[in-house]
Amino acid sequence: MTHIIGTWIAAGLTLAIFSFLYRDNPAYKFAEHLYVGVSAAFAVLYTWAFDIWPMLVDPIFRSRGVTSPVDRWILLIPAIFGLLMLARWFPKAAWLSRWSISLTVGIAAGLGIIGQIQGILLPQIQGTLLPLTTINNIILVVGVITTLIYFYFSAAHKGLIRVSARIGVVFIMASFGASFGYTVMARISLLIGRLNFLINDWLHLLR
Amino acid sequence: MKFLERMVNLDRRFIYLALVVVVALPLILKLVLPIRVSEPVREAYRSIEDLPSGSTVMVSIDYDASSEPELQPMLLSVLRHCFAKRHKVVLLGQWALGLPFGEIGLNKVSGEFNSRAQSSADSILYGRDFVNLGYRPGARALIVGLGREFRDFFSADYRGTPVDSLPLMRGVRNYNNIDLLVGLEAGQAGDEWIQFAGARYGLKIIIGGTGVIAPDMFHYLQAGQIKGLVGGLQGAAEYETLVRHHGTGVAGMVAQSTAHILILVFIVMGNIAYFVLKGRKKS
């Protein structure tokens with residue numbers, strides 16, 4: 001019974017959202033606001049259940065998942081930084097939140113630099129150092145070099161550089177085309193998913 | 001002339017209606033096309049197929065409801081493949097709202113296997129053959145930290161059971177105990193798994209991505225940073241074909257093709273109308 005009610009609610013909300021394709025209307029507005037509200041509530045619940053409780057409350061107050069007192073009490077440092085973030089609500093103490101922001105920006109920047117160099121730049125350079133023995137390899141190497149030349153702005157785009165940059169543009173456009181094609185496919189897939197639900201689970205036309 | 005003018009000024013609601021019709025009809029008529037499996041999907045399949053039986057595969061659920069039609073069929077196919085090969089599955093996720101889909105997938109596929117099982121040894125059991133660790137925040141920091149020790153982040157599983165009480169998790173401490181990561185990605189988490197778990201710890205990775213992110217994954221595939229790529233609903237259909245279990249991926253392929261044909265027709269007709277009218281105005 002619960003499943004049937006759930007299916008009808010989901011089908012009704014899907015149709016309410018689809019109705020926007022005809023024109024804006026109260027049914028769409030209702031579904032939109034409901035979605036935002038439920039998502040926000042779900043996110044708050046998840047943050048408490050899978051973040052604050054198991055990673056802060058449980059280890060500090062119930063010693064769960066910690067092996068030493070240091071492991072336990074060191075958690076107070078991120079807890080304090082987390083609370084300082086809330087200082088933004090109070091104009092006089094808002095500056096305190098900058099410490100927390102500095103910490104998160106510092107960590108993100110540090111990890112980002114390592115990730116970009118170790119995870120992208122070096123492996124991608126390695127992946128481009130290919131023997132020019134196959135058509136695929138030649139296209140790949142020419143594509144990389146001419147695209148890099150297109151983004152080289154320290155010299156005027158004249159002569160050979162201009163020709164190379166033009167070839168680079170062709171590769172960039174081909175890449176955009178592939179991305180756009182995949183995006184169209186993805187959006188149609190979402191429509192297929194919803195119609196599949198309406199036809200199969202709701203109307204039972206396929207059973 | 002009037003027809004061409006109508007084409008140029010066509011009410012977009014007619015396009016929506018036409019799209020719904022061409023997508024719905026193949027689904028209602030249950031039309032199926034033969035699926036040709038592409039090399040990136042075959043490589044992803046081989047990565048799981050070639051693992052010795054009993055290997056540990058980690059699956060990351062990095063999507064939510066908005067990408068479910070594309071990525072859920074991939075999850076189901078990968079789980080069917082893993083359980084058929086008797087691999088252990090450790091499921092976790094970086095998208096809080098996506099974890100219920102992981103739980104649904106595990107329950108569905110383990111249920112299918114258990115309905116055919118004749119003994120406990122044949123069954124797919126929670127804690128022994130698969131676990132759902134759930135969601136933890138942290139993204140990059142989490143990925144780097146898991147390379148050191150899972151318990152620093154996951155002291156309990158999705159259901160609140162301490163991980164050390166789960167037989168499967170007793171042997172899993174960090175990436176050294178994971179044979180393959182299957183990242184099901186709708187956003188940036190895939191790049192982060194590759195950049196941190198792959199590049200730093202040498203974790204073997206295959207990616208199942210939405211159509212939007214799949215093109216951005218090909219350079220990782222070319223450079224050998226990932227071992228296989230399953231892109232979009234088409235990729236899901238190809239994987240379903242390989243595991244010989246047709247689901248919503250294969251069922252949606254005819255609808256996908258008819259929708260693409262319709263879009264192409266509209267693009268061509270719109271352009272013809274535009275250029276003809278432009279030429280007539282000039283003359």
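**A tour of chain B**

Select chain B of this predicted model: among its contacts between residues at least 6 apart in sequence, 73% join residues at least 24 apart. The C-alpha trace of chain B spans about 80 × 40 × 30 Å along its principal axes, and 48% of its 283 residues count as buried. Switch to a cartoon display, and the secondary structure of chain B comes to 12 helices and 6 strands.

Next, select the strands of chain B. The 6 strands form an open sheet with parallel pairing, in the order β3-β2-β1-β4-β5-β6. At the edges of the sheet stand β3 (130-135) and β6 (228-231) of chain B; each has a single partner strand, so one side of each is left without a neighbour in the sheet. From one strand to the next, the twist averages 15 degrees.

Now move to β1 (residues 56-62) and β4 (residues 180-185) of chain B, which pair in the parallel sense over 6 bridges. Select B:I61 here: its bridge partner in β4(B) is B:L184.

Helix α4 lies across β1, β2 (88-93), β4, β5 (205-209) and β6 of chain B, and runs at about 160 degrees to β4(B).

Finally, display chain A alongside chain B. Here 48 residues of chain B are in contact with 38 residues of chain A. To the side of chain B that touches chain A, helix α2 (residues 12-28) of chain B gives the most, with 6 residues. Colouring the residues on this side of chain B by type divides them into 25 nonpolar, 15 polar and 8 charged.

Notes:
Residues numbered from 1 in each chain as written. Chains lettered and ligands numbered in written order. Predicted model: local features only at pLDDT ≥ 70, side-chain atom pairs only at ≥ 80, totals over all residues. Contact = placed C-beta atoms within 7 Å. Helix = DSSP H or I, 4+ residues; strand = E, 2+ residues; numbered from the N terminus. Nonpolar A, V, L, I, M, F, W, Y, C, P; charged D, E, K, R; others polar. Buried ≥ 20, exposed ≤ 12 C-beta atoms within 10 Å, placed from the backbone. Pairing = 2+ DSSP bridges. Axes fitted to C-alpha atoms, helices over the stretch in contact; angles between N-to-C directions.
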